[in-house]
Amino acid sequence: QVQLVESGGGLVQAGGSLRLSCAVSGNIFSMNVMGWYRQVPGKQREWVALITSVGTTNYADSVKGRFTISRDNAKNTVSLQMNSLKPEDTAVYYCKGVSRLGGRDYWGQGTQVTVSS
């Protein structure tokens, strides 16, 4: 059984930094692609970043150069380092994994990030 649990959210001033972590229960090697999404009330969930099983990364234009996604297989975690935060980064951030077998999507419960001006 796979479960994703996010942590590290909080309140930070504009220009500050936060590091989000996503703990994967079971075997992280069962996940082909992992990523981060975010959502604000009244808007659709937005893709932020992804990392493949071979370490390739990609980012949304809105966070490119400021956010870094990484994967630690030994600790069964994926992280999102967020620097130079802006008020428009305020959202609930969700971790997502796609299984190798079956291609099923798994989602965490989300963690709130609030950036004040």
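Two strands pair if DSSP finds at least two bridges between them. The exercises below use this rule on a predicted model.

**Exercise 1. Decide how strand β5 is paired with β6, and in which sense.**

Step 1. Count the bridges. Three bridges link β5 to strand β6, residues 57-59. The rule asks for at least two, so the strands pair.

Step 2. Read the direction. β5 and β6 run antiparallel. I51 stands opposite T57 in β6.

Step 3. Look at the connection. Four residues lie between the two strands, which form a hairpin. In the turn, G55 has a positive phi of about 95 degrees.

**Exercise 2. Describe how β4 is joined to β5.**

Step 1. Strand β4 covers residues 31-39 and strand β5 covers residues 46-52. Six bridges join them, and they run antiparallel.

Step 2. Find a facing pair. Y37 stands opposite W47 in β5.

Step 3. Examine the turn. β4 and β5 form a hairpin with six residues between them. G42 in this turn has a positive phi of about 85 degrees.

**Exercise 3. Work out the order of the open sheet of four strands and name its edge strands.**

Step 1. The order is β1-β3-β8-β7, and the pairing is antiparallel.

Step 2. The edge strands are β1 (4-7) and β7 (67-72), as each of them pairs on one side only.

Step 3. On average, neighbouring strands of this sheet are turned by 15 degrees against each other, direction ignored.

Step 4. Take one pair in detail. β1 and strand β3 (residues 18-24) pair over four bridges in the antiparallel sense. S7 stands opposite S21 in β3.

Step 5. Strands of a sheet pair through backbone hydrogen bonds, either parallel or antiparallel.

**Exercise 4. Classify the aromatic pair of Y37 and W107, and say what the pair ties together.**

Step 1. Start with the count, which comes to one aromatic pair.

Step 2. Collect the two values that are needed. A pair of aromatic rings is described by the distance of the centres and the angle of the planes. For Y37 and W107 these are 4.9 Å centre to centre and 65 degrees between the planes.

Step 3. Apply the cut-offs. Centres must lie within 6.5 Å, and planes over 60 degrees apart count as edge-to-face. The pair of Y37 and W107 is edge-to-face.

Step 4. Place the residues. Y37 lies in strand β4 and W107 in strand β10 (residues 105-107), so the pair ties together parts that are 70 residues apart in sequence.

Step 5. Assign the burial classes. Buried means under 20% relative accessible area, exposed over 50%, and partly exposed in between. Y37 has 17% relative accessibility and therefore counts as buried. W107 has 32% and therefore counts as partly exposed.

**Exercise 5. Find the position, burial and contacts of T77.**

Step 1. T77 is found in strand β8, residues 77-82.

Step 2. The relative accessible area of T77 is 19%, so T77 is buried.

Step 3. Leaving out residues up to four places away in sequence, T77 touches C22, A23, I28, S70, R71 and D72.

**Exercise 6. Summarise the protein as a whole, from its strands to its surface.**

Step 1. The protein has zero helices and eleven strands.

Step 2. The radius of gyration is 14 Å, close to the 13 Å that the globule rule gives for 117 residues, so the protein is as compact as a globular protein of that length.

Step 3. The C-alpha trace spans about 45 × 25 × 25 Å along its principal axes.

Step 4. Buried residues make up 38% of the 117 residues.

Step 5. Of the contacts with a separation of 6 or more, 54% are between residues 24 or more positions apart.

Step 6. The protein exposes about 6300 Å², and carbon and sulfur atoms supply 48% of this area.

Definitions and conventions: Residues numbered from 1 in each chain as written. Predicted model: local features only at pLDDT ≥ 70, side-chain atom pairs only at ≥ 80, totals over all residues. Heavy atoms only, no water. Axes fitted to C-alpha atoms, helices over the stretch in contact; angles between N-to-C directions. Rg over C-alpha atoms; globule rule 2.2 N^0.38 Å. Buried < 20%, exposed > 50% of the residue type's maximum accessible area, 1.4 Å probe, protein only. Contact = heavy atoms within 4.5 Å. Areas by Shrake-Rupley, 256 points an atom, 1.4 Å probe, with all protein chains shown as cover. Phe/Tyr/Trp six-rings, centres within 6.5 Å; stacked < 30°, edge-to-face > 60°.
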